Amino acid sequence: MPENVSVLFVDDDPNVLSGLRRRIMSKRPDWKLRFCTSGAEALKNLDQQGADVIVSDMRMPEMDGAELLRTVARKYPDTARILLSGYSDEKAIQSGSAATHHFLMKPCSDQDVIHAIERGLILRNYLRDPLLIDILYRMSATLLWPPVFQRLHTILQHKGQSSEKELLEFSRDKPGFIDLAHELACREKLILPTDTPDMVALIDLFGPESIKALCVIWAVHGQQTGFTPNNIEQAIHRSLVLGQMSAEIARLDGLSHETIDIVRAAAILCHIGLNIMEQVIPEKVAASRDHADRDHCDIISAEIGSIGVSHPGVSACLAALWGFKHEVIEDIAFHHRPEAAPTQNSRSLLIVYAAQHFARKFGRDSDDRTSKYDRAASFIARCNAQQKWASWEQHCASLRDSLPLAI
């Protein structure tokens, strides 16, 4: 993260601000923190000096947090915006959802706030690209912040019996989503086809990042009422294949359940930006594919040449907006070109890249597609994975025959 980060906190309770000042400064001493007790004071402060990130409480007199962030979005669009809200504020914040980059439910830890700010900084870097901003502006509000995902994201930030009850109620209303999670769990052999785990059990099996990733692709692709293994939209099937391959490679590597959750989620979401670009700028996406075929180049070069941005960048920007973990965002952003990643030897990125490489190699039109992409040999060597690569490839090749559909 860059130093000299400027963060503005807004809360009408001076004691809350005093506690934030003391605790956040001890953990991020290089950050420049400012504090305001009202929306009007915050806007005056921003007029005098901009901020990289603004963190506002929802419930404040005269101007609430949602109204404040709507104004900030209009006047200072480059400032990342985070809204702190109580669980009872869920309906109240809907009006501010289009102006808010992150929702953080109270009570939350200092580390939760810090991570949200750091995601905001990642997002701010993306939002400096006018071509990417144009794609976001073309997205409908329900696509930019799918309500079903927002609901799940809100529930997952709470713990205890009330949260479990709401998760079960959530799943009862969305049988298609449960079918989708069940399908991936069966593919990974985490359950038997005859098993019927509920939502709480599925979260324990996969982890929260994977469940959220599955919810995103389900929402973006129309929230079908149900799935059968032999009748799944190709884009969803591809996401499931990449998620499965990443998770199984991570298990072969003996990685933790939490890391498997991260790589699976990143792999599932790798192409969400492309799926959305196909909806909002279909002609430009078609032109990029024609470019790739005509010049026999990889899709990233073709997208940058035809559109000005690539789908990993759009995917990573959206993952940051939706509050996924840092590792998930980085793995998505560099899944085609891992050698360019800021983390020099990321094991999770290596695995997501490997899954992408093997899915391409063993998929339809494999010879033509694979020939456009050089293997990232230097990155594989940097991660000391040359010996493992062959066994990973063999394992992923064996998965191909068990898939219900072609990749």
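Analyst: K361 and E393 form a salt bridge, in which the closest N and O atoms are 2.3 Å apart; the model is a predicted one, and this distance, like the other values here, is computed from it. Side chains of opposite charge can pair when their charged atoms come close. K361 belongs to helix α19 and E393 to helix α22, so the pair ties together parts that are 32 residues apart in sequence. The two partners can also be described by their accessibility: K361 is partly exposed, because its relative accessible area is 33%, whereas E393, at 18% relative accessibility, counts as buried, since buried means under 20%.

Helix α19 covers residues 347-361 and helix α22 residues 386-400, and they pack at an angle of about 50° with their axes 10 Å apart. The two helices are therefore oblique to each other, and α19 passes α22 in a right-handed crossing.

Which residues of α19 and α22 meet? On the α19 side they are R347, L350, I351, Y353, A354, H357, F358 and K361, and on the α22 side K388, W389, W392, E393 and C396.

For context, a search of the whole structure finds 17 salt bridges. One of them joins E188 and R264, with the closest N and O atoms 2.8 Å apart. E188 lies in the loop between α9 and α10 and R264 in helix α13, so this pair ties together parts that are 76 residues apart in sequence. E188 is buried, with a relative accessible area of 5%, and R264 is buried as well, with a value of 1%.

A further salt bridge is formed by the side chains of D298 and R337, at 3.3 Å from N to O. D298 is in the loop between α15 and α16 and R337 in the loop between α18 and α19, so the parts tied together here are 39 residues apart in sequence. D298 counts as buried at 15% relative accessibility, while R337 is partly exposed, with a relative accessible area of 33%.

Definitions and conventions:
Residues numbered from 1 in each chain as written. Predicted model: local features only at pLDDT ≥ 70, side-chain atom pairs only at ≥ 80, totals over all residues. Heavy atoms only, no water. Axes fitted to C-alpha atoms, helices over the stretch in contact; angles between N-to-C directions. Helix = DSSP H or I, 4+ residues; strand = E, 2+ residues; numbered from the N terminus. Parallel < 35°, antiparallel > 145°, perpendicular 65-115°, else oblique. Left-handed = near helix turned anticlockwise from the far one by under 90°. Contact = heavy atoms within 4.5 Å. Salt bridge = Lys/Arg side-chain N within 4 Å of Asp/Glu carboxyl O. Buried < 20%, exposed > 50% of the residue type's maximum accessible area, 1.4 Å probe, protein only.
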